[in-house]
Structures are given as C-alpha cells and as structure tokens.
Amino acid sequence: MEKFTEKSGAEDTSARPTARMMRNVINQCVSKNMGNSVFALFLCSALRSLVISALVMPAASVLFMYMGSGNTLDMTAGALSVLCVALTLLSLFIALLFDYGLCAIFCRMVQRKKVSIGYLFIAFKNKKDFTRAAGAAALFVVIEFLVSAAGLIMAYFLRSPISRIFPGDDFRSQAYRILIVIIPLFILTEIFLVFVWTIIYSERGTNALHAFRKSARMVAGNFFRFVGYEFYAAGAALPVLIASVLLELWIPGEDTVSVMQLLKMLIQFAVIISEFIVLVRLNFSLPVYYFSMTGKIVFTVQRQIPFSQDTEDTAHDGAKGTESLPETTEQGPQN
C-alpha cells in the first residue's frame, strides 16, 4: 500500500467523504461491535420502558378506573389528566437523557475508544454534563409538545379530506386522522435535530441551543443527500425489514393452519433481527457522518500495488484509488 502525496503527483492525500466511504466505516464498526451495540440498544429501550411504567402507568390507571366507574369529566378527572400529561413529559425528559448516553456509546465505538455500559448514564456523571444534557432534553420536550399541538391543529383543519381516507367516527378512525398528520411532522423534526446528541457529546464546550442550531444547519444544507445516505447506510437489512413487515401484515393472525402460524412466527423473528441490525447501523451512521463532515475522521487515498502476478490483486485493481481505514483525530470543536 502506498499513500498518494503531493510530491508523488497526486492532488491530495485527503479524500472528500462519500456515502460509500462512510458506509465502509459503518461496516467496520458493526463487524467489531455488533454484540455490544445490540445490548446497549436493548438496555436503553428497557430503561425507557421502566421509566414510563413507573411514572405514567400508575396515574393513567387511576384515571381510567375513575372514568370507567361512571364519573363525568369533573375537577378530579381534569387534575388526573393534567398529572398524566406532566408525568408523560417527565418520563420523556428522562428517556432523552438515556438517548444521550446511547449516542455517547456509539460515538466512542466509532472513535475506537474504550466503551462500557456505564456510558449509558453519562448525563448523570457530573453537574456540567447533566446541565448540558438536561437543557437539550428540555428543548426536545418543548419542541415535541409544540409539534404535537401543531399536528392537532392541522388535523382539525384538514379533517374533511383526511376523513375520506379514514371514514367513520369511531375512536380508531379519529386516531388515524391525527396520526397521519402528526407522524410526518415528527419525522421531519427528528431529521433536522438528529445530530443534537452527537454535538453535545463531541463539543464539550457547546450549549444545547447551539447544538440544535448546528444540527438544523447541517441537515438543511444537505437534506436530500443526508436522507439518501441514511437509507444507504441502513444496508440490506432495511429492505428485508420492510418485506418482513409486509409479509407479517399479509398473513392473517387468526384462524390459520399450523403451517401458516409457524411461518408467521419465523417472519416475526426476521422482523426483530432485521430491526436490530437497522437500528445498529443507523446509530453508527450519525456519528460517522458528523465526524466525517467536521474533519474528525480523515479519509486518505491510497494505491494498492500487486506483489506478483499470481496474487489476487490484478493490475487493474492496483491502479484504482481506494480509501484506507479512517483515521480518528482528536480535534477541537468545529462550528
């Protein structure tokens, strides 16, 4: 292997990161850290569920029991409803702090640094880290609350055209009418804010507001390129996941013969496996993209020289420029 340098006639030893280069890094990270990544995702999901169960479920159960016993919407029911909303926002706030820890774990894996499950609680490590992470989590909660409110308002004004897609006045139809508006708004918002936790972790001197602005700027300048990169980074597991979900929906769940039930179980297993693979790859894709675009991962162009004619490398392959393994550098924060 021989690096191109300016003296040897090449333009530059650094290559502009492409989607293919970044996916190669993702493949390396996945091959080395698949087990730890799945465990971190599973534990983070379990902690989120535990927080929601401990905070929201008791108050929601009391509210449903109160309303189910024939009581009308009075002051008690209103107070319980407000309490449920407040506890839901609090559980979301705590869950977001675990998301920050999950992001730190994947960032360290990309940087080839030591990783332990303790980094899942990095937001609680010290007062400074907690202040920055809590500020970002609070902003996330406020933004998601505003997006939900905007979605409800839009669903109200668009109720006539949406009702043609989901006719009927039952609870399920009304819920679908709301979700068809709110879900795209949430997805669009999350895309623009997808780098917030990576910035909070990587740039220790920054604050939450700066992280939100920088994430939005990074996505806004390359929106379609970034969305395409995410689909590309998900790899072959994404079409497998989509096909498995469609097959699972197509096969009826009741009144089926045993063979079809077995097939449905196998498809559900395929859904779980492919879902975890996609989640792992997407969680790696964010720090890889951010580090590549900010210069914290440097790609160097290299040339492969065959040792002899009977080696697997041909002269044609040796003439091609191929990207080397990325070099992780410890540069300071870049705005």
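The crossing of helices α9 and α10 is left-handed. In this predicted model, helix α9 comprises residues 237-250 and helix α10 comprises residues 258-293. The two helices pack with their axes 8 Å apart and at an angle of about 150°. Because angles over 145 degrees count as roughly antiparallel, α9 is assigned as roughly antiparallel to α10.

Within helix α10 lies Leu266. Its relative accessibility is 53%, and Leu266 therefore counts as exposed, the threshold for that class being over 50%. Between Leu266 and Ser244, the C-alpha to C-alpha distance is 9.6 Å, while the separation in sequence is 22 residues.

Helix α8 spans residues 223-234. Its 12 residues, at 1.5 Å a residue, should span 16 Å, and the end C-alpha atoms are 17 Å apart, so the computed distance agrees with expectation. The buried residues of α8 are Phe226, Tyr229, Glu230, Ala233 and Ala234. Viewed down the axis of α8, these buried residues fall within an arc of 130°, and they therefore line one face of the helix. On the face turned away from this buried side, α8 carries Phe224 and Phe231, both of which are exposed. Just after α8, Gly235 adopts a positive phi of about 75°.

Helix α7, formed by residues 208-220, contains Lys214, and Ser215 is also found in α7. Lys214 has a relative accessible area of 5% and is therefore buried, as the cut-off for burial is under 20%. The side chain of Lys214 is joined to that of Glu203 by a polar contact of 2.4 Å. Ser215, at 0% relative accessibility, likewise counts as buried. A polar atom of the Ser215 side chain lies 2.8 Å from the backbone oxygen of Phe192.

Definitions and conventions: Residues numbered from 1 in each chain as written. Predicted model: local features only at pLDDT ≥ 70, side-chain atom pairs only at ≥ 80, totals over all residues. Heavy atoms only, no water. Helix = DSSP H or I, 4+ residues; strand = E, 2+ residues; numbered from the N terminus. Buried < 20%, exposed > 50% of the residue type's maximum accessible area, 1.4 Å probe, protein only. Polar contact = N/O pair within 3.5 Å; in protein donor to acceptor, adjacent residues only side chain to side chain. Expected span 1.5 Å × (residues − 1). Arc of directions from axis to C-beta. Axes fitted to C-alpha atoms, helices over the stretch in contact; angles between N-to-C directions. Parallel < 35°, antiparallel > 145°, perpendicular 65-115°, else oblique. Left-handed = near helix turned anticlockwise from the far one by under 90°.
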